[in-house]
Each structure stands twice: as structure tokens, then as C-alpha cells.
Amino acid sequence: MRQINFMPSFFSHCHHIIIIFFSLVPKKSLGAVDPFFQTCSVPKTCGDGQPIRFPFYIQDKQNSSCGYPGFNLSCNNNGHPTILISNNNYTIHEIFYQNETLRISNSAFSNPNSNCIPSINSISLPGSQFDLAPNQTNLFLFYNCNSLVHESWPSEFYPSCYGENDTVLALSGQDPKLISNVSMECKSSVLALVEAYGGGIAESLRNGFVLKWKSSNCSICEDSGGNCGFDNIMYHFKCFCPDRPHAWNCTNTTGLEYLPGKFFSLENFSFLV
């Protein structure tokens with residue numbers, strides 16, 4: 001009886017499967033580095049030495065994909081980064097990337113040589129982006145108060161920036177009813193925030209307060225050698241890696257790639273063959 005050899009047919013079949021497999025695996029040009037990884041690799045600065053990186057990005061200096069939506073910054077004339085919150089410009093003094101907090105102050109208080117209190121608007125934090133850090137203090141500023149209020153808190157009045165005779169009453173977070181009663185005796189009042197309230201009211205306002213930001217966690221991506229960013233088309237966090245963008249971190253893709261609709265490894269492939 002003539003013996004039939006199936007081996008050539010088997011290996012021919014395997015050969016075709018291997019060709020199809022590697023034709024579907026995404027190809028990466030040798031030596032090429034993903035452009036988003038390059039773009040977001042080097043942090044920028046406004047001039048004060050603070051590195052600006054994810055979740056923040058400087059408008060007109062950094063690609064918006066290097067930051068998180070709503071965390072766009074500008075640079076002021078003094079070389080400090082600023083952020084817009086509730087239509088007020090706030091100067092960023094320090095960014096603490098490790099615990100995801102930053103210390104800011106209303107830019108109206110930025111003059112270090114002034115001890116007067118300017119007129120500002122109340123702050124309203126965007127809840128989707130920031131939370132107030134623990135141990136911060138509410139500070140209520142009252143403008144154009146009547147003589148009765150002056151007599152009640154003579155030591156809590158400070159000079160206004162808008163006239164020699166103008167004064168501003170500053171009261172830290174107290175009984176809401178008391179605050180409400182005082183506001184009825186003054187023409188306007190606003191809420192400010194300070195980290196620490198002492199005798200130097202102008203200095204306390206200049207030093208500002210601390211916020212904790214809300215965005216995708218960046219540590220997993222950075223620990224894997226990637227740069228955090230955002231896909232503005234898919235509207236989702238991305239980890240920009242040397243080879244290509246990944247979902248969360250730069251995994252080792254040697255022998256591990258995506259095929260349409262399935263997830264394969266060369267080990268699984270050899271098993272299937």
C-alpha cells in the first residue's frame with residue numbers, strides 16, 4: 001500500500017497562517033518613535049522653574065493632548081503659570097505632583113509690596129476638577145460697611161486699594177448667621193480662601209490656598225516609562241509610549257499584539273497551530 005505523507009501539506013498550511021498572522025499584527029517602523037510620546041516627553045515652564053506636565057498644559061506652548069481637559073494654563077508677565085477658575089485668574093505658586101495638589105492665589109493679590117485689599121469676586125470651585133484640600137479656611141471680605149460694623153470689629157478692618165478712606169472687613173469662617181447679619185450692613189461681600197489666616201491678612205491672601213485636583217491617575221503610565229496624555233477624539237486618557245499610545249501603561253509588546261476582535265500571543269498562536 002502506498003503511504004501518504006501529510007507533513008508537506010501541514011507545514012504549507014502553517015506557513016500560510018503565519019503569513020496571515022504577521023500581516024495583521026500592527027507594524028512599527030524600526031527606530032521610529034511615536035510623535036505624541038516625543039511631544040509630551042519634555043515638560044515646559046512659564047519661566048519660574050516649575051515643570052508643567054500632565055494633567056496641566058500651557059496653551060500655545062504645549063499640545064493639549066499632553067494634558068487633561070480643563071487643566072489648561074497661561075503664563076503671566078512675571079513668568080508664573082496661571083489658571084482660570086470661576087472667571088478669575090489665579091496664580092499657581094506650587095504644584096505637588098506626588099499628592100496631586102497645588103497652591104494658588106487670586107492674581108489680584110500678587111503685588112508683594114501692597115498691604116491693601118483689592119476688590120475681587122467670590123471663588124466657586126468647579127467640582128469636576130478640584131476639591132478644597134483639608135485645613136483650608138474660608139475668609140469673608142466685606143466692602144463699604146456702615147459705622148455700626150466698624151464699631152463692632154475695629155481691629156478686623158484693613159485698607160482698601162481704592163481710596164484712603166475705604167476699608168475692608170475680613171472675617172474668617174464663623175457662625176453663618178453672624179456672617180449673614182454683617183453682610184446686610186455692608187454693600188458687598190465675597191468669599192476668599194486661605195491656607196492659614198493670621199494677623200497679616202494681605203500676606204495670607206497672597207500665599208493663597210491648596211486645592212486637590214481630579215483627573216486620571218498618571219503614576220502607572222509614568223512608572224512604565226510612558227508620558228500621560230489625553231485622546232481628544234476618543235475623549236479618554238492615553239499613555240503615550242515610544243512605540244504607540246496605550247490604554248494605561250507601556251506594556252511589553254514583544255510577542256504580544258492585538259488582532260481584530262481578539263487578543264493573541266505567539267504562545268497562543270503556536271498552540272492553535
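Is Y158 buried or exposed? I looked this up to start: Y158 is buried, as its relative accessible area is 14% (buried is under 20%, exposed over 50%, partly exposed in between, with a 1.4 Å probe and protein chains only).

Before going on, I noted that this is a predicted model, where local features need pLDDT of at least 70, side-chain atom pairs count only at pLDDT 80 or more, and totals for chains, interfaces and linings use all residues. Residues are numbered from 1 along each chain as its sequence is written, and side-chain values use heavy atoms, with hydrogens and water left out.

Back to Y158: I found it in strand 8, residues 157-159 (strands are DSSP runs of E, at least two residues, numbered from the N terminus). C116 is 42 residues away from Y158 in sequence, yet their C-alpha atoms are 6.9 Å apart.

Next, aromatics. I counted 12 aromatic pairs (ring centres of Phe, Tyr or the six-membered ring of Trp within 6.5 Å; planes under 30 degrees apart are stacked, over 60 edge-to-face, the rest tilted). F230 and Y235 are edge-to-face, because their planes stand at 85°, with ring centres 5.0 Å apart. F230 is buried at 3% relative accessibility, whereas Y235 is exposed at 57%. Both belong to one aromatic cluster, whose members also include Y97 and W248.

Last, I checked Y97 for a charge. The charged end of R53 sits over the Y97 ring, 4.0 Å from its centre (the cut-offs are NZ of Lys or CZ of Arg within 6 Å of the ring centre and within 35 degrees of the ring normal).

Conventions: Helices (H or I, at least four residues) and strands (E, at least two) are DSSP runs, numbered from the N terminus.
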